[in-house]
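Q: Before the terms are used, could we go through what each label rests on, setting each value against its cut-off?

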Amino acid sequence: ICDLPDCSDRDVAFIRMTMAHPNIVSLHADGGVYPTRRWFYLVNELVDTDLHAYIREHGRFENPQELRNVAHQCCSAMHHCHVLRVIHRDLKPQNILVNVTADGPVMKIADFGMARVFSLPLRPYTAEVVTLWYRAIELLLGESRCGTGLDIWSMACVITEMATGRPLFPASTQIEMLYRIFRVLGTPTEDVWTGVSEIGRAHV
């Protein structure tokens, strides 16, 4: 369900265009989009399971070729969204569906309830998006003008989880998340991230 005022045919066409990708969950063949004055009701295809459940049942992707394949599928879908100026803003294993086929897993990004269309210059949005374990460091520091980097960070965490079978940064608070990120990647400095010290002073 998408919460949008004054739904139009153009809005419906844009939703269909965004979801027209083999690695994004597709709309039901009968149309799949049912707009009312305030809501879009989206009826999607039926998919076997989600990535979180798949990893719990099968473990990590041990075969390097299969890991490259599923990672490429996920990145291809994310790139499709970004070309259309759509940021998903909640990429995580529970929102990546998996169809089990004889040729291997087919990945499908789903749940666009937090998605936004972006433009330049970037507009401020709430930092309370993206499930904590997959939340980009700039959001943790309080940055409100974020772009496609949010999805790229989340996808990198997801791909690492596919490779290892466990979350990269499992934390219960934002401060713990920052500590875990710094322990793995090092504390960011102006040399590697111009402007990071200003974000830290303003929001931490």
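Q: How many helices and strands does the secondary structure of the protein chain come to?
A: In this predicted model, the protein chain has seven helices and eight strands. Of its 204 residues, 41% are buried, and the chain exposes about 11,300 Å², of which carbon and sulfur atoms supply 55%.

Q: Why is Q73 called buried?
A: The relative accessible area of Q73 is 9%, and the term buried applies under 20%, so Q73 counts as buried. Q73 is found in helix 3, residues 64–83, and, leaving aside neighbours within four places in sequence, Q73 is in contact with N23, P105, V106 and M107.

Q: What makes Y34 partly exposed?
A: Partly exposed covers the range between the 20% limit for buried and the 50% limit for exposed; Y34 has 41% relative accessibility and therefore counts as partly exposed. Y34 is placed in strand 2, residues 33–35.

Q: Which residues form a nonpolar patch on the surface with Y34?
A: The patch is formed by Y34, W39, Y41 and V43, which together have about 360 Å² of accessible area. Patch residues need over 30% relative accessible area, and the 41% of Y34 is set against that limit.

Q: Why is the pair E45 and K108 called a salt bridge?
A: The closest N and O atoms of E45 and K108 are 3.4 Å apart, and the definition asks for a side-chain nitrogen of Lys or Arg within 4 Å of a carboxyl oxygen of Asp or Glu, so the pair qualifies as a salt bridge. The pair links distant parts of the chain, with E45 in the loop between strand 3 (39–42) and strand 4 (49–50) and K108 in strand 7, 63 residues apart. K108 counts as buried because its relative accessibility is 9%, whereas E45, at 24%, is partly exposed.

Q: How many salt bridges does a search of the whole structure find?
A: The search finds three salt bridges. One of them joins K92 and D90, with the closest N and O atoms 4.0 Å apart, and both K92 and D90 are buried. Another joins E176 and R180, with a closest N and O separation of 3.1 Å.

Q: Why are E176 and R180 separated by about one helical turn?
A: E176 and R180 are four residues apart in helix 6, which means about one helical turn between them. E176 has a relative accessible area of 25% and is therefore partly exposed; R180, at 26%, is partly exposed as well.

Q: What sets R89 and D111 apart in their phi values?
A: R89 has a positive phi of about 70 degrees although it is not a glycine, and phi of D111, likewise a residue other than glycine, is positive and near 60 degrees. R89 lies in the loop between strand 5 (86–87) and strand 6 (96–101) and is buried, because its relative accessibility is 4%. D111 lies in the loop between strand 7 (104–109) and strand 8 (116–117) and is partly exposed, because its relative accessible area is 43%.

Q: Which residues touch the most other members of the largest nonpolar core?
A: Of the 51 residues in this core, L51, F61, I96, M107, M155 and M162 touch the most other members. Helix 3 gives the most to the core, with seven residues. Not counting residues up to four places away in sequence, L51 touches F61, P93, I96, V98, M107, V158 and M162.

Notes
Residues are numbered from 1 along each chain as its sequence is written. This is a predicted model: local features need pLDDT of at least 70, side-chain atom pairs count only at pLDDT 80 or more; totals for chains, interfaces and linings use all residues. Side-chain values use heavy atoms; hydrogens and water are left out. Patches are made of residues with over 30% relative accessible area and no salt bridge: like charges are joined within 9 Å, nonpolar side chains (Val, Leu, Ile, Met, Phe, Trp, Tyr) within 5 Å. Accessible areas come from the Shrake-Rupley method with a 1.4 Å probe; for residues, only the protein chains shown count as cover. Helices (H or I, at least four residues) and strands (E, at least two) are DSSP runs, numbered from the N terminus. Buried means under 20% relative accessible area, exposed over 50%, partly exposed in between (1.4 Å probe, protein chains only). Contact means heavy atoms within 4.5 Å. A nonpolar core is a set of buried Ala, Val, Leu, Ile, Met, Phe, Trp, Tyr and Cys residues joined through side-chain atoms within 4.5 Å.
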